[in-house]
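Here is a brief report on one protein model. Please keep the sequence and the 3D view open while reading.

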Amino acid sequence: MEVRSQILTRYILPLREGGSLPVLGEGDDGFKYVVKLRGAGHGRKALIAEFLGSLIAKAFKFKVPEVVLLELSPMFGITEPDEEVQELLRNSEGLNVGLHFLPGAATFDPAVNGVDELTASKIVWLDAFLTNVDRTRLNPNMMIWDNQLWLIDQGASFYFHHAWRDPAKSALDPFPYIKTHVFLPYATRLEEADKLMRQAITPRTLSKIVDLLPADWLEEEGSEITAEERREVYRKFLHDRLKNSSLFVDEAVRQHNLLR
(Lines give C-alpha, C1' and ligand atoms only; values in the text may rest on other atoms or scores of the structure.)
Protein backbone atom coordinates (compact mmCIF):
# COMPACT_ATOMS: atom_id res chain seq x y z
CA MET A 1 0.00 0.00 0.00
CA GLU A 2 1.39 3.36 -1.04
CA VAL A 3 0.28 6.97 -0.75
CA ARG A 4 1.56 9.51 -3.25
CA SER A 5 2.99 12.87 -2.21
CA GLN A 6 2.53 15.94 -4.43
CA ILE A 7 2.98 19.70 -4.22
CA LEU A 8 0.02 22.04 -4.59
CA THR A 9 0.69 24.37 -7.49
CA ARG A 10 -2.64 26.08 -8.27
CA TYR A 11 -5.36 27.35 -5.99
CA ILE A 12 -8.83 27.16 -7.55
CA LEU A 13 -11.52 28.01 -4.98
CA PRO A 14 -12.83 27.38 -1.45
CA LEU A 15 -15.52 24.69 -1.08
CA ARG A 16 -18.01 26.27 1.28
CA GLU A 17 -20.40 23.31 1.41
CA GLY A 18 -18.45 21.57 4.17
CA GLY A 19 -18.13 22.72 7.75
CA SER A 20 -14.32 22.49 7.71
CA LEU A 21 -13.96 24.65 4.57
CA PRO A 22 -11.76 22.49 2.32
CA VAL A 23 -10.44 24.02 -0.91
CA LEU A 24 -10.10 22.84 -4.47
CA GLY A 25 -6.55 22.88 -5.76
CA GLU A 26 -4.31 21.38 -8.41
CA GLY A 27 -1.15 19.40 -7.73
CA ASP A 28 2.09 19.30 -9.66
CA ASP A 29 0.82 16.08 -11.23
CA GLY A 30 -1.91 18.03 -13.05
CA PHE A 31 -4.80 16.49 -11.07
CA LYS A 32 -7.37 18.40 -9.04
CA TYR A 33 -7.86 17.63 -5.35
CA VAL A 34 -10.27 18.46 -2.57
CA VAL A 35 -7.75 19.64 0.03
CA LYS A 36 -8.51 19.08 3.72
CA LEU A 37 -6.54 21.70 5.64
CA ARG A 38 -4.56 21.24 8.83
CA GLY A 39 -5.45 24.78 9.90
CA ALA A 40 -9.20 24.08 9.96
CA GLY A 41 -11.33 23.44 13.05
CA HIS A 42 -10.09 20.05 14.27
CA GLY A 43 -6.63 20.50 12.76
CA ARG A 44 -4.36 17.55 12.24
CA LYS A 45 -6.73 15.16 14.02
CA ALA A 46 -9.23 15.63 11.20
CA LEU A 47 -6.44 14.85 8.72
CA ILE A 48 -5.58 11.68 10.64
CA ALA A 49 -9.23 10.59 10.63
CA GLU A 50 -9.61 11.33 6.92
CA PHE A 51 -6.35 9.56 6.06
CA LEU A 52 -6.91 6.42 8.13
CA GLY A 53 -10.65 6.22 7.43
CA SER A 54 -10.23 6.54 3.67
CA LEU A 55 -7.41 4.01 3.43
CA ILE A 56 -9.26 1.51 5.62
CA ALA A 57 -12.42 1.92 3.52
CA LYS A 58 -10.31 1.34 0.42
CA ALA A 59 -8.80 -1.78 1.99
CA PHE A 60 -12.37 -3.06 2.37
CA LYS A 61 -12.84 -2.50 -1.41
CA PHE A 62 -15.21 0.43 -1.07
CA LYS A 63 -14.99 3.14 -3.70
CA VAL A 64 -13.06 6.03 -2.13
CA PRO A 65 -11.31 8.96 -3.88
CA GLU A 66 -7.55 8.47 -3.95
CA VAL A 67 -5.84 9.91 -0.87
CA VAL A 68 -2.73 12.00 -1.59
CA LEU A 69 -0.39 13.89 0.74
CA LEU A 70 -0.21 17.49 -0.47
CA GLU A 71 2.41 20.06 0.44
CA LEU A 72 1.02 23.60 0.75
CA SER A 73 3.48 26.48 0.31
CA PRO A 74 3.17 30.11 1.54
CA MET A 75 2.33 31.26 -2.01
CA PHE A 76 -0.62 28.88 -2.45
CA GLY A 77 -3.90 30.82 -2.65
CA ILE A 78 -2.22 34.21 -2.35
CA THR A 79 -4.83 35.67 -4.74
CA GLU A 80 -7.79 34.59 -2.55
CA PRO A 81 -9.68 37.80 -1.62
CA ASP A 82 -11.42 36.42 1.48
CA GLU A 83 -9.28 37.24 4.54
CA GLU A 84 -10.74 34.32 6.53
CA VAL A 85 -9.75 31.84 3.83
CA GLN A 86 -6.33 33.49 3.50
CA GLU A 87 -5.73 33.02 7.23
CA LEU A 88 -6.83 29.39 7.00
CA LEU A 89 -4.38 28.76 4.14
CA ARG A 90 -1.51 30.42 6.00
CA ASN A 91 -2.25 28.27 9.06
CA SER A 92 -2.18 25.18 6.83
CA GLU A 93 1.33 25.50 5.40
CA GLY A 94 2.99 22.10 5.31
CA LEU A 95 1.51 18.66 4.77
CA ASN A 96 -2.23 18.34 4.16
CA VAL A 97 -4.63 15.68 2.83
CA GLY A 98 -5.93 15.70 -0.72
CA LEU A 99 -8.77 13.60 -2.11
CA HIS A 100 -8.97 13.11 -5.85
CA PHE A 101 -11.70 15.42 -7.20
CA LEU A 102 -14.67 13.61 -8.76
CA PRO A 103 -15.92 15.97 -11.50
CA GLY A 104 -19.66 15.86 -12.05
CA ALA A 105 -20.36 13.63 -9.04
CA ALA A 106 -23.84 13.85 -7.52
CA THR A 107 -24.66 13.74 -3.82
CA PHE A 108 -26.15 10.40 -2.77
CA ASP A 109 -29.84 10.67 -1.94
CA PRO A 110 -31.33 7.64 -0.14
CA ALA A 111 -34.77 8.58 -1.48
CA VAL A 112 -33.51 8.39 -5.07
CA ASN A 113 -30.45 6.16 -5.15
CA GLY A 114 -31.09 2.56 -4.14
CA VAL A 115 -28.66 0.36 -2.21
CA ASP A 116 -28.80 -3.35 -1.51
CA GLU A 117 -29.12 -4.58 2.06
CA LEU A 118 -25.69 -6.20 2.26
CA THR A 119 -23.90 -3.08 1.01
CA ALA A 120 -25.88 -0.98 3.48
CA SER A 121 -24.93 -3.38 6.28
CA LYS A 122 -21.24 -3.30 5.33
CA ILE A 123 -21.14 0.49 5.32
CA VAL A 124 -22.91 0.62 8.70
CA TRP A 125 -20.31 -1.87 9.97
CA LEU A 126 -17.45 0.25 8.59
CA ASP A 127 -18.66 3.45 10.21
CA ALA A 128 -19.30 1.74 13.54
CA PHE A 129 -15.79 0.26 13.33
CA LEU A 130 -14.26 3.69 12.63
CA THR A 131 -16.65 5.43 15.06
CA ASN A 132 -17.64 7.79 12.25
CA VAL A 133 -20.41 10.03 13.58
CA ASP A 134 -21.08 11.82 10.30
CA ARG A 135 -22.89 9.69 7.74
CA THR A 136 -26.46 10.71 8.46
CA ARG A 137 -29.56 11.27 6.37
CA LEU A 138 -28.95 15.03 6.51
CA ASN A 139 -25.29 14.62 5.61
CA PRO A 140 -24.68 11.20 4.00
CA ASN A 141 -21.14 11.99 2.80
CA MET A 142 -21.56 9.71 -0.19
CA MET A 143 -21.48 10.49 -3.89
CA ILE A 144 -22.64 8.85 -7.08
CA TRP A 145 -19.90 9.01 -9.70
CA ASP A 146 -19.58 6.88 -12.81
CA ASN A 147 -22.84 5.20 -11.70
CA GLN A 148 -21.16 3.87 -8.56
CA LEU A 149 -21.39 4.68 -4.86
CA TRP A 150 -18.37 6.50 -3.43
CA LEU A 151 -17.64 7.17 0.25
CA ILE A 152 -16.23 10.61 1.03
CA ASP A 153 -15.30 12.63 4.10
CA GLN A 154 -14.18 10.28 6.86
CA GLY A 155 -12.90 13.21 8.96
CA ALA A 156 -15.41 12.66 11.76
CA SER A 157 -14.04 9.18 12.51
CA PHE A 158 -12.02 8.24 15.62
CA TYR A 159 -13.90 10.78 17.72
CA PHE A 160 -12.10 9.49 20.85
CA HIS A 161 -8.92 11.30 19.83
CA HIS A 162 -10.37 14.77 20.38
CA ALA A 163 -10.44 14.19 24.14
CA TRP A 164 -7.80 11.43 24.23
CA ARG A 165 -9.31 9.98 27.41
CA ASP A 166 -8.90 6.23 27.90
CA PRO A 167 -8.42 5.11 24.26
CA ALA A 168 -8.46 1.46 25.35
CA LYS A 169 -11.98 1.89 26.72
CA SER A 170 -13.02 3.77 23.57
CA ALA A 171 -12.03 0.77 21.45
CA LEU A 172 -14.76 -1.21 23.21
CA ASP A 173 -17.44 1.45 22.73
CA PRO A 174 -20.63 -0.10 21.28
CA PHE A 175 -21.09 3.18 19.38
CA PRO A 176 -24.71 4.20 20.06
CA TYR A 177 -24.33 7.06 17.54
CA ILE A 178 -24.95 4.45 14.85
CA LYS A 179 -28.66 5.18 15.41
CA THR A 180 -28.33 8.25 13.14
CA HIS A 181 -26.68 6.38 10.24
CA VAL A 182 -28.37 6.94 6.88
CA PHE A 183 -28.18 3.23 6.01
CA LEU A 184 -29.28 1.77 9.35
CA PRO A 185 -32.92 1.25 8.19
CA TYR A 186 -31.64 -0.89 5.29
CA ALA A 187 -28.97 -2.78 7.27
CA THR A 188 -30.77 -6.10 7.68
CA ARG A 189 -27.68 -8.28 7.21
CA LEU A 190 -25.35 -6.98 9.89
CA GLU A 191 -24.27 -10.36 11.26
CA GLU A 192 -23.39 -11.53 7.75
CA ALA A 193 -21.58 -8.26 7.09
CA ASP A 194 -19.58 -8.72 10.32
CA LYS A 195 -18.30 -12.09 9.16
CA LEU A 196 -17.41 -10.82 5.69
CA MET A 197 -15.71 -7.65 6.93
CA ARG A 198 -13.63 -9.50 9.50
CA GLN A 199 -12.48 -11.85 6.75
CA ALA A 200 -11.65 -8.95 4.43
CA ILE A 201 -8.96 -7.32 6.58
CA THR A 202 -6.26 -8.37 9.01
CA PRO A 203 -4.51 -6.63 11.91
CA ARG A 204 -1.38 -6.64 9.74
CA THR A 205 -3.13 -4.61 7.05
CA LEU A 206 -4.43 -2.17 9.64
CA SER A 207 -0.90 -1.82 11.03
CA LYS A 208 0.48 -1.05 7.57
CA ILE A 209 -2.10 1.70 7.15
CA VAL A 210 -1.27 3.23 10.54
CA ASP A 211 2.44 3.12 9.64
CA LEU A 212 1.69 5.44 6.69
CA LEU A 213 0.58 8.27 8.98
CA PRO A 214 3.00 11.22 8.74
CA ALA A 215 4.80 11.67 12.06
CA ASP A 216 4.27 15.43 11.74
CA TRP A 217 0.51 14.98 12.31
CA LEU A 218 1.09 12.91 15.44
CA GLU A 219 3.20 15.51 17.24
CA GLU A 220 1.52 17.79 19.75
CA GLU A 221 3.33 20.68 21.35
CA GLY A 222 3.41 20.41 25.13
CA SER A 223 2.29 16.78 25.14
CA GLU A 224 4.26 14.12 26.98
CA ILE A 225 3.08 11.52 24.44
CA THR A 226 5.53 11.04 21.58
CA ALA A 227 4.47 10.72 17.95
CA GLU A 228 5.28 7.02 17.91
CA GLU A 229 3.40 6.39 21.15
CA ARG A 230 0.41 8.15 19.64
CA ARG A 231 0.73 5.98 16.52
CA GLU A 232 0.61 2.88 18.71
CA VAL A 233 -2.63 4.10 20.29
CA TYR A 234 -4.29 4.19 16.86
CA ARG A 235 -2.87 0.77 16.01
CA LYS A 236 -4.12 -0.81 19.23
CA PHE A 237 -7.51 0.92 18.91
CA LEU A 238 -8.06 -0.61 15.47
CA HIS A 239 -6.81 -4.05 16.47
CA ASP A 240 -9.01 -4.15 19.58
CA ARG A 241 -12.02 -2.83 17.68
CA LEU A 242 -11.69 -5.51 15.02
CA LYS A 243 -11.26 -8.24 17.63
CA ASN A 244 -14.36 -7.07 19.51
CA SER A 245 -16.59 -6.18 16.57
CA SER A 246 -19.53 -8.05 18.12
CA LEU A 247 -19.90 -5.15 20.58
CA PHE A 248 -20.76 -2.58 17.91
CA VAL A 249 -22.57 -5.08 15.68
CA ASP A 250 -24.92 -6.02 18.53
CA GLU A 251 -25.58 -2.33 19.17
CA ALA A 252 -26.27 -1.68 15.48
CA VAL A 253 -28.69 -4.63 15.37
CA ARG A 254 -30.42 -3.33 18.50
CA GLN A 255 -30.76 0.17 17.06
CA HIS A 256 -32.00 -1.25 13.74
CA ASN A 257 -34.68 -3.26 15.52
CA LEU A 258 -35.87 -0.11 17.31
CA LEU A 259 -36.69 1.41 13.94
CA ARG A 260 -39.35 -1.20 13.21
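The model is predicted. Five strands form a closed barrel in the order β1-β2-β3-β5-β4, with mixed pairing. Neighbouring strands of this sheet are turned against each other by 55 degrees on average, direction ignored.

Strands β2 (residues 23-27) and β3 (residues 32-36) run antiparallel. Four bridges join β2 to β3. V23 stands opposite V35 in β3.

## Helices on the sheet

Helix α1 (residues 43-59) packs on the sheet. Helix α1 touches β3, β4 (67-72) and β5 (94-100). The direction of α1 makes about 40 degrees with that of β5.

Helix α2 (residues 83-90) lies across β1 (5-14), β2 and β4. Relative to β1, helix α2 runs at about 170 degrees.

## D127 in helix α3

D127 sits in helix α3, which spans residues 117-130. Its relative accessibility is 0%, so D127 counts as buried. The side chains of D127 and R135 are joined by a polar contact of 2.6 Å.

Leaving out residues up to four places away in sequence, D127 touches N132, R135, F175 and H181.

## M143 in strand β7

M143 belongs to strand β7 (residues 142-145). M143 is buried because its relative accessible area is 15%, and buried means under 20%.

T107 and M143 are 36 residues apart in sequence. Their C-alpha atoms are 4.5 Å apart in space. With residues up to four places away in sequence not counted, M143 touches A105, A106, T107, F108, Q148, L149, W150 and I152.

Definitions and conventions. Residues numbered from 1 in each chain as written. Predicted model: local features only at pLDDT ≥ 70, side-chain atom pairs only at ≥ 80, totals over all residues. Heavy atoms only, no water. Helix = DSSP H or I, 4+ residues; strand = E, 2+ residues; numbered from the N terminus. Buried < 20%, exposed > 50% of the residue type's maximum accessible area, 1.4 Å probe, protein only. Polar contact = N/O pair within 3.5 Å; in protein donor to acceptor, adjacent residues only side chain to side chain. Contact = heavy atoms within 4.5 Å. Pairing = 2+ DSSP bridges. Axes fitted to C-alpha atoms, helices over the stretch in contact; angles between N-to-C directions.
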